[in-house]
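Please consult the sequence and the model first.

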Amino acid sequence: MATTRGGSGPDPGSRGLLLLFFSVVLAGLCGGNSVERKIYIPLNKTAPCVRLLNATHQIGCQSSISGDTGVIHVVEKEEDLKWVLTDGPNPPYMVLLEGKLFTRDVMEKLKGTTSRIAGLAVTLAKPNSTSSFSPSVQCPNDGFGIYSNSYGPEFAHCKKTLWNELGNGLAYEDFSFPIFLLEDENETKVIKQCYQDHNLGQNGSAPSFPLCAMQLFSHMHAVISTATCMRRSFIQSTFSINPEIVCDPLSDYNVWSMLKPINTSVGLEPDVRVVVAATRLDSRSFFWNVAPGAESAVASFVTQLAAAEALHKAPDVTTLSRNVMFVFFQGETFDYIGSSRMVYDMENGKFPVRLENIDSFVELGQVALRTSLDLWMHTDPMSQKNESVKNQVEDLLATLEKSGAGVPEVVLRRLAQSQALPPSSLQRFLRARNISGVVLADHSGSFHNRYYQSIYDTAENINVTYPEWQSPEEDLNFVTDTAKALANVATVLARALYELAGGTNFSSSIQADPQTVTRLLYGFLVRANNSWFQSILKHDLRSYLDDRPL
């Protein structure tokens, strides 16, 4: 399935446009730029919700072609909605919504009265130990994995386990008005002050002009579905002198590397066996380009990088009987497009490793929120109806358990064979071929991640914190408890891969480096512009590093 992003709006690197201004009638003419500076206040640290399409639907948000304008009304509690929905005399309203109220119930009320709603600006909430927010669906990637009404129907549509139980599905709804995230607390204060100075009436009466208003611009031409949008783009490019991009395919690169070098021009012989270690690179949220993905992606790919480093240091790594392929899939959030592409290329001889070369498949799911020492081994019950595959899976689990025995901080746990795989890239491979595979995760049932695919899946969500008195350089090298825990998981993974590849002599000496893990976590989740990342990157790429998370 092709997945596209609506074009002619904010591109993936932009922020859209949000302006604060006074709603007044100007008599006469004066210097345009001077008037604009006096009336308009641009807000720069914002992130838009954008239009996304797949084969059948459109989801997300957009503004009208010239942007949408409305009188600001601040909603700090649900009772404040009454003014916006029914009582206020000056619709349409631009709602400044407190982050804690950005819920499905509130959004459905706003969506039901679109004639009175010009748009939404959402403030950042302050998560606590009991809060949760996941705009994803309860059954991620439903219909694109291995289970269906014809194959494993008892597991299809998450019938046995709602993996993302807290998901409210907001990121998969279609909104007809623009919605922006306000990332800067100071800019939020400016809007609230403007509202208090100009939009609050006396003793419950309606406020008088001039009023404080806001304009949101994030127009996108894409509509209906991927097929419709791509057809319109094709017509534009074929018959227009100045073609306008109507939509852009979501595209990127999978990253893969072999433990031992191979000749990529000819590929592997059919009898060559490869152990695959896989994880995902991507996450998403309701707002474009604000997807920290600490638990949903970063912790797992950092753990796999640390495992790769540890395994590479084994003395006999070049003589192992099987090779190891480390894969980092991109786009898995969107119907497994990364793993789907690799499977497609493997099936069609466009990738040096073929499906029949895969000996076993070990995937890291979400691994940073273990509530105990337990690390759960998820397997597929359907493929294990084949006795040969069942025996191979048993050997795989036994190897993992043996590798974990030497790391007391990690206890490998099996699950009943009546439980399905969680959302994972392994599912996409199993659709093409029965292989021995396992997904390692910190959860046995529903996700522990209370902020799955949201703006709040941050460093704090996986307990990556630093002493307040430290400098950034000291934070970079400070080994957090989370880094130690993930390094232990990386050690188990590296030792298991070593044994699965045929190693016997040095398993117990393989050890992941907590320093590597802590630096990677800091770089991806806290501050990309740090001395370690600067030393790794080529000089011409260093400008992409910012004093924020990637």
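Q: Which residues of α9 are buried?
A: In this predicted model, the buried residues of α9 are S425, L426, Q427, R428, F429 and L430.

Q: What makes helix α9 (residues 425-432) count as mostly covered?
A: A residue is termed buried when its relative accessible area is under 20%. Six of the eight residues of helix α9 are buried, and the helix is accordingly described as mostly covered.

Q: Why is the pair C139 and C158 called a disulfide?
A: The criterion is a pair of cysteine sulfur atoms within 2.5 Å. The sulfur atoms of C139 and C158 are 2.0 Å apart, and the pair therefore qualifies.

Q: Why is the disulfide of C139 and C158 called right-handed?
A: The torsion about its S-S bond is about 80°, so the disulfide is right-handed. C139 and C158 each lie in the loop between β9 (117-123) and β10 (179-182), so the pair ties together parts that are 19 residues apart in sequence.

Q: Are C139 and C158 buried or exposed, and what decides the matter?
A: The limit for buried is under 20% relative accessible area. C139 has 14% relative accessibility and therefore counts as buried; C158, at 10%, counts as buried too.

Q: How do you know that C194 and C212 form a disulfide?
A: Their sulfur atoms are 2.0 Å apart, and the cut-off is within 2.5 Å. The torsion about the S-S bond of C194 and C212 is about 115°, so this disulfide is right-handed. C194 belongs to helix α4 (residues 185-198) and C212 to strand β11 (residues 211-217), so the pair ties together parts that are 18 residues apart in sequence.

Q: What makes C194 and C212 count as buried?
A: The relative accessibility of C194 is 8% and that of C212 is 0%.

Q: Why is the pair C229 and C247 called a disulfide?
A: The sulfur atoms of C229 and C247 are 2.3 Å apart, which meets the requirement of within 2.5 Å. The pair links distant parts of the chain, 18 residues apart: C229 in helix α5 and C247 in strand β12 (residues 247-249). C229 has a relative accessible area of 0% and is buried; C247, at 5% relative accessibility, counts as buried as well.

Q: How many disulfides does a search of the whole structure find, and which pattern do they follow?
A: The search finds four disulfides. With bonded cysteines counted along the chain, the pattern is 1-2, 3-4, 5-6, 7-8.

Q: Why is F234 called exposed?
A: Exposed means over 50% relative accessible area. F234 has 56% relative accessibility and therefore counts as exposed. F234 is found in helix α5 (residues 226-239), and together with I235 and F239 it makes a nonpolar surface patch of about 380 Å².

Q: Where does UniProt place the feature "domain: Nicastrin small lobe"?
A: The unreviewed UniProt entry places this feature at residues 48-222. In the model, the end C-alpha atoms of that span lie 16 Å apart, and the span is 17% helix and 21% strand.

Conventions:
Residues numbered from 1 in each chain as written. Predicted model: local features only at pLDDT ≥ 70, side-chain atom pairs only at ≥ 80, totals over all residues. Heavy atoms only, no water. Patch = residues over 30% accessible without salt bridge, like charges linked within 9 Å, V, L, I, M, F, W, Y side chains within 5 Å. Areas by Shrake-Rupley, 256 points an atom, 1.4 Å probe, with all protein chains shown as cover. Salt bridge = Lys/Arg side-chain N within 4 Å of Asp/Glu carboxyl O. Helix = DSSP H or I, 4+ residues; strand = E, 2+ residues; numbered from the N terminus. Buried < 20%, exposed > 50% of the residue type's maximum accessible area, 1.4 Å probe, protein only. UniProt positions renumbered as here; feature names shortened; annotations may be inferred.
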